[in-house]
Protein chains: 2
Amino acid sequence: MERQTPATAAPQRTSLRADARRNRERVLDAADAVFSEFGPAASTEEVARRAGVSIGTVFRHFPTKEALIEAVVVGRLAQLTTEAERLADAVDADAAFLAFFHRWIELSATKYEFAGALSRSGTDVQEIRDTHPDVGRKLHEAVGVLLTRAQHTGGIRRDVGASEVIALMVGASRAHEHVGLDADQRARLLSVTIDGLRGPRPS
Amino acid sequence: MERQTPATAAPQRTSLRADARRNRERVLDAADAVFSEFGPAASTEEVARRAGVSIGTVFRHFPTKEALIEAVVVGRLAQLTTEAERLADAVDADAAFLAFFHRWIELSATKYEFAGALSRSGTDVQEIRDTHPDVGRKLHEAVGVLLTRAQHTGGIRRDVGASEVIALMVGASRAHEHVGLDADQRARLLSVTIDGLRGPRPS
DNA sequence: CAATAACTTGAGTGGGAACTCCGCTTAATA
DNA sequence: TATTAAGCGGAGTTCCCACTCAAGTTATTG
């Protein structure tokens, strides 16, 4: 349905010129780095500078700043989805689930907290749901697979679903980023959440 | 050392005129509401409008927007501290700890997520530590008391400190605010974290 | 190599928001 | 009530930043 509009549109330009593709990638990388460092309030100029292109080029590839932020977020979600899918058929389901949890924290920490911050200040997470319905759904599904398998082996409590697990991961990364914690404390935070996911201790 | 600078400064104006005090309060309330609703990117004009004063008045009381945000944050932290102190000598230490946890989520949810968002976009949490060292310390202490008592009665695991608990609460509120969760799911999130705080289930 | 469409550049535009300033108003005090 | 300094209003100033556009450059294709 979105594939093409044959009657009106030109023969579906899907391939960019070589330099354009390269630049697009550079901009995306730079945006990721800049927004991670300074938050989504960082200026588009700064992104352009870091990418080594002019501001005009940034806007050629991403028509608005919002679109740029969105692209970065979508990229991250896709990356997490890939990780989850890669772990889907691991032998040890419990270990796979844990590994994914850790990976999430890693990818989020210091690099991606701005995904939360972008609810305000411009883009809204909701919009991504609208414009890229697949991305969220696929992540949800991939996490669902990991979760179900881990629940099946008895490692993880059965009363939580993928939505809750994702929310917990978001929360755990937020906690993890909390200022003034040392490595030991961070490790303890993680184990609290994970112990919780294993279920309550019998009284 | 920060108390005053007697030689140079005027005789320490601590009492405002009645109307001024009233306006200051109104601005603070309005700022709390506005920033909670739209995030810290909301304009100072909007705060003034909501408070029913002119923009000049806002800046008279808070010399920069940053100072205004900071004041709101400090107010919230103080409120949480008060709650914690109020619960400090409850009969049931375990229940008191839980109550505080819930209260934190309540106060944070939908009203205070911007406290996280303000790491970027202007103010930094770290600055509050510098300008209001007491606020953070007192909260930390008050939580410490609740925690220690709850650990003593055996309700809460002993390997976590106040810092970790605060980080977990921050994370839990973040998770709680995650879009698209219903009441049941939110409740389950909470119980995961709390079960985790009670300790791992014996294998 | 020529032709051309795609791409890049960067100075410029417009708008929005933080902050200022000064004339007017009002609470406090005697 | 008169005096006065504290406080208030709000138009104006300044700066920043998202976004545009026309002129120049470059990949592509035959």
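**Entry 1: B:V143**

I looked up what B:V143 touches, leaving out residues up to four places away in sequence, and found B:A84, B:A162, B:V165 and B:I166. I took two residues as in contact if their C-beta atoms, placed from the backbone, lie within 7 Å. The model is predicted, so I kept to its limits: local features need pLDDT of at least 70, side-chain atom pairs count only at pLDDT 80 or more, and totals for chains, interfaces and linings use all residues. Residues are numbered from 1 along each chain as its sequence is written, while chains are lettered from A and ligands numbered from 1 in the order in which they are written.

Is B:V143 buried or exposed? B:V143 is buried, as 24 other C-beta atoms lie within 10 Å. The cut-offs I used are 20 or more other C-beta atoms within 10 Å of a residue's own for buried, 12 or fewer for exposed, and partly exposed in between, with C-beta atoms placed from the backbone. I also checked B:F59, which is 84 residues from B:V143 along the chain; their C-alpha atoms are separated by 34 Å.

**Entry 2: helix α8 of chain B**

B:V143 sits in helix α8 of chain B, residues 133–152. Helices (H or I, at least four residues) and strands (E, at least two) are DSSP runs, numbered from the N terminus. I found 20 residues in α8(B) and a reach of 29 Å from its first C-alpha to its last, close to the 28 Å expected at 1.5 Å a residue. The expected span is 1.5 Å times one less than the number of residues.

I listed B:L139, B:A142, B:V143, B:L146, B:L147, B:R149 and B:A150 as the buried residues of α8(B). They cover an arc of only 165° around the axis, so they are on the same side of α8(B). The arc is that of the directions from the helix axis to the C-beta atoms. On the face turned away from the buried side I noted the exposed residues B:P133, B:D134, B:R137 and B:H152. The cover over the buried residues of α8(B) includes α4 (65–86), α5 (93–108) and α9 (162–176) of chain B. After α8(B) comes B:G154, with a positive phi near 90°.

I counted ten helices and zero strands in chain A. Chain A has 203 residues, of which 36% count as buried. Of its contacts with a separation of 6 or more, 68% are between residues 24 or more positions apart.

How is chain A laid on chain B? A turn of 180° and a shift of 0.1 Å along the axis do it, with an RMSD of 0.1 Å. The two copies are therefore related as by a two-fold rotation axis. Superposition was by least squares on the C-alpha atoms of residues with pLDDT of at least 70 in both copies.

**Entry 3: the contact between the chains**

I found 38 residues from chain A and 38 residues from chain B in the contact. On the side of chain A that touches chain B, α6 (114–117), α7 (125–131), α9 and α10 (183–198) of chain A each give two or more residues. The residues of that side divide into 18 nonpolar, twelve polar and eight charged. Ala, Val, Leu, Ile, Met, Phe, Trp, Tyr, Cys and Pro count as nonpolar, Asp, Glu, Lys and Arg as charged, and the others, Gly among them, as polar.

**Entry 4: the DNA strands**

For DNA strand D the largest share, four residues, is from α3(B).

**Entry 5: helix α1 of chain B**

B:N23 is also one of the buried residues of α1(B), together with B:V27, B:A30, B:A31, B:D32, B:V34 and B:F35. I read 21 residues in α1(B) and a reach of 30 Å from first C-alpha to last, close to the 30 Å expected at 1.5 Å a residue. Just after α1(B), B:G39 has a positive phi of about 85°.
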